[in-house]
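The following paragraphs lead the reader through one protein model, one region at a time. Please keep the sequence and the three-dimensional view at hand while reading.

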Amino acid sequence: MLDLAGLKDHPEIIAAIDWEMTPRRAFEAYQIKSPGNWRHRALAEVYYFYLSVWRGESRLLLVKRDYVKTQEIAELVPPAGLAAQCARACQGQEMPRGQCALDEPLKKWLRAELGL
């Protein structure tokens with residue numbers, strides 16, 4: 001799995017990140033397999049970040065998701081304050097449990113770290 005420095009060595013991955021994709025949207029499209037997409041296997045692969053807060057952890061993950069599987073590509077260490085703020089904002093979220101969509105401050109930090 002890549003860290004921040006390793007991810008910076010892969011500009012093709014950085015360019016492919018979907019900054020608007022959320023864990024919920026990915027779950028609905030790829031896990032539930034939306035009726036209009038899965039029959040034709042038209043689901044393109046997607047790269048997106050989310051904050052994992054499962055069982056008290058605070059991991060910032062970049063995943064690659066396609067029709068068949070989800071693969072963790074990178075794990076980055078965000079500033080503790082930004083991670084905690086994002087985690088508080090998603091408390092009580094139903095689906096998918098433990099996966100928080102990034103809030104704007106965390107996205108801004110990430111973009112700056114990736115040189116975007």
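Leaving aside residues up to four places away in sequence, S52 touches E57, S58, R59, L61 and G98, where a contact means heavy atoms within 4.5 Å. The model is predicted: local features need pLDDT of at least 70 and side-chain atom pairs count only at pLDDT 80 or more, while totals for chains, interfaces and linings use all residues. Residues are numbered from 1 along each chain as its sequence is written, and side-chain values use heavy atoms, with hydrogens and water left out.

S52 belongs to strand β1. Helices (H or I, at least four residues) and strands (E, at least two) are DSSP runs, numbered from the N terminus. Is S52 buried or exposed? With a relative accessible area of 5%, S52 is buried, because buried means under 20% relative accessible area, exposed over 50%, and partly exposed in between (1.4 Å probe, protein chains only). The side chain of S52 also makes a polar contact, at 2.4 Å, with the side chain of E57. A polar contact is a pair of N or O atoms within 3.5 Å; within protein, one must be able to donate a hydrogen and the other to accept it, and residues adjacent in sequence count only if both atoms are side-chain atoms.

The wider setting comes next. Six helices and four strands are found in the chain, and along the sequence they follow the pattern α-α-α-α-β-β-β-α-β-α. Of the 116 residues in the chain, 38% are buried. Among contacts between residues at least 6 apart in sequence, 57% join residues at least 24 apart.

Helix α5 covers residues 80–89, and its buried residues are L82, A83, C86 and A87. Seen down the axis of α5, these buried residues fall within an arc of 135 degrees, so they line one face of the helix; the arc is that of the directions from the helix axis to the C-beta atoms. A80, R88 and A89, on the other side of α5, are exposed. The cover over the buried residues of α5 includes β1 (46–52), β4 (99–100) and α6 (104–113).

The cysteines can be considered next. How many disulfides does a search of the whole structure find? The search finds one disulfide, a disulfide being a pair of cysteine sulfur atoms within 2.5 Å. This bond joins C90 to C100, with an S to S distance of 1.8 Å. The pair links distant parts of the chain, 10 residues apart: C90 lies in the loop between α5 and β4, and C100 in strand β4. C90 counts as buried at 14% relative accessibility, and C100 is buried with a relative accessible area of 1%. C86 is likewise buried, with a relative accessible area of 1%.

Helix α6 has the buried residues L106, K107, W109 and L110. Viewed down the axis of α6, they fall within an arc of 160 degrees, so they line one face of the helix. On the other side of α6, E104, K108 and A112 are exposed. What covers the buried residues of α6 includes β1, β2 (59–65), β3 (70–76) and α5. At the start of α6, a side-chain oxygen of D103 reaches to within 3.1 Å of the backbone nitrogen of L106. Just after α6, G115 takes a positive phi of about 75 degrees.

K107 is buried, with a relative accessible area of 9%. A polar atom of the K107 side chain lies 3.0 Å from the backbone oxygen of W19. Not counting residues up to four places away in sequence, K107 touches W19, E20 and L102.

Finally, the structure holds two aromatic pairs. One of them is formed by Y48 and Y50, a tilted pair with 6.3 Å centre to centre and 35 degrees between the planes. Rings of Phe, Tyr and Trp (its six-membered ring) pair if their centres lie within 6.5 Å; planes under 30 degrees apart count as stacked, over 60 as edge-to-face and the rest as tilted. Both Y48 and Y50 are buried.
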